[in-house]
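Morning, everyone. Please look at the screen, and I'll walk you through it.

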Amino acid sequence: NPPPHWLQPERRGLSKMEEQRKWPIDIQTSKLLDWLVDRRHCKLKWQNSVLAIREKINRAIQDMPENEEIKLLLSGSYIHYFHCLRIVEILRRTEVSTKNIFGGYSSQRMKDWQEIVSLYEKDNIYLAELSSFLVRNVNYEVPSLKKQISKCQQLQQEYSRKELDYINNAAALREKFFTSCKQFGITGNDVQQELLSLCNDLPSGLDGIAEGTGHLTEALELYGACVEFVCGSVSEPITPLLKHVQIKGNTTVYEWRTGQTPLNIERPVGLKNVLTQQPTEPADTIDWGDDATAGIDQSGGIDWGITVEESTEVNGEKQGADVIDWGDNTSAAVEINVLESGAQGDDGVAKENDALTILENTETRNQFVNELMELQDFLSQRLTEMKEEADILSINQFQTAPAIVQSQDVAKVVTMMSVVRDLVQRLTNVKMRHLFMIHASPRYIDRVTELLQQKLKQAEAVGEKKHLMVKKQQQSLDEQAALEPKLDLLIQRTKELRKLIEADISKRYQNRRVNLMGVIV
């Protein structure tokens, strides 16, 4: 039978309340404290009471029994209300001997912690404190640790990239060093000594270049024939130095200038010491070049090296001791012998620059290279003319040319030009230029050695930076490894706080489900 009509509205009200109990309570975590204060669960100035409770906790933990669980609870970064409840439960077991007949405890430890729990429960201060912990962890602590870990990961990537860059830069610098050494023709193990050895081999290398001019006979004859055919008789000789080297080899400048073989060769002293130069050590004392007793008169006076005669006679007149003889005797005949430069007055001895070979001397070497370039340009122009299509004018022009001009073909001229170009390259490459600089100035070898070793020093410096990046990368890894357990522990405690707060609020609202929104950890 249906219930009486006066009970039906009441049943509808009960069913509506039951439905409301099933509705969850959603609270935004960032507004949790405001929600608790607005619903009068906590007071607005709850922080002042928390400060007093924290002071009592700090005093209470100074006197605690030996218990592993209590040590584990106190090892946390911050003790809250539920930790205090657990400590009281443990003290009920450890302080059971102090319990009196009225159910109370005479132990001061138990009294202190029971007082702390009661202060927490007054005005629900513990709920406000737990909510503040949760908000701080969600908004600040967890994001801060995540940001630090992310920064460590970024630093690791940056250090790894820099390490790779430093490795590549060091390899590039070493490659430049070995490339430069290869240009010099050395291995780079002992730069200075190897350069000195190259200077020792320089004369034989120059002699080899001079011998190579023996293959230019046909090219020189072709050049001379073309010049005579086009210009007629020529007053000045064509490539005289090149022909001299071709016939007589790399002779001294003296022989090239005078046409005579020197009887004796006195090379400059600086060139003799290039291969035997040794670092000089500073002397402990300064040698002034005078003897210890020089200039001291044994009779007690100082000998200034000046003698005064009784009398002097100048131009037939006697002078006193106080007259200075200026040495301008006009009666004395002055004879001046002037030696002409060249072969006269040197007795067949080649000295200074004349003692150098043609390819060692800068001036004659430049002339030699110029004549080679002149011959190369002629052959290049002649090759261009021969490759062009023959016309009637060119055929008629070379009908009366010498046989050597008419008998040449493109292949022969190309061969001649390759020989000339090879000689120019051998004499003007980087290695020879530096060797000539060292030959001209022995100190230049120190500069070259320093320039080459500087690249190695730069490579070593970059290598040290690479090791520094590896060290910093490891430090960042260690820092990340130390932060990750802290983050995991903080996330775990934050989840525990969330469950505790949701359970406590749910009890206040007839066990309705409570959801704290925005707790992203």
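How much accessible surface does the protein chain have, and what share of that surface belongs to carbon and sulfur atoms? The surface comes to about 34,700 Å². Carbon and sulfur atoms account for 50% of it. Keep in mind that this is a predicted model.

Now the overall layout. The protein chain has 18 helices and six strands. It runs to 521 residues, and 33% of them are buried. Next, contacts between residues at least 6 apart in sequence. Of these, 75% join residues at least 24 apart.

On to the aromatic rings. The whole structure holds seven aromatic pairs. Take Tyr81 and Tyr120. Their ring centres are 5.8 Å apart and their planes meet at 75°, so this pair is edge-to-face. Tyr81 sits in helix α5, residues 81–94, and Tyr120 in helix α6, residues 108–121. That pair links distant parts of the chain, 39 residues apart. Both tyrosines, Tyr81 and Tyr120, are buried.

Next pair: Tyr223 and Phe378. This one is tilted, with 4.8 Å centre to centre and 35° between the planes. Tyr223 belongs to helix α9, residues 217–231, and Phe378 to helix α13, residues 362–387, so the pair ties together parts 155 residues apart in sequence. Tyr223 counts as buried, at 11% relative accessibility. Phe378 counts as buried too, at 16%.

Last stop, a charge and a ring. The charged end of Arg365 sits over the ring of Phe436, 3.6 Å from the ring's centre.

Notes:
Residues are numbered from 1 along each chain as its sequence is written. This is a predicted model: local features need pLDDT of at least 70, side-chain atom pairs count only at pLDDT 80 or more; totals for chains, interfaces and linings use all residues. Side-chain values use heavy atoms; hydrogens and water are left out. Helices (H or I, at least four residues) and strands (E, at least two) are DSSP runs, numbered from the N terminus. Buried means under 20% relative accessible area, exposed over 50%, partly exposed in between (1.4 Å probe, protein chains only). Contact means heavy atoms within 4.5 Å. Accessible areas come from the Shrake-Rupley method with a 1.4 Å probe; for residues, only the protein chains shown count as cover. Rings of Phe, Tyr and Trp (its six-membered ring) pair if their centres lie within 6.5 Å; planes under 30 degrees apart count as stacked, over 60 as edge-to-face and the rest as tilted. A charge sits over a ring if NZ of Lys or CZ of Arg is within 6 Å of the ring centre and within 35 degrees of the ring normal.
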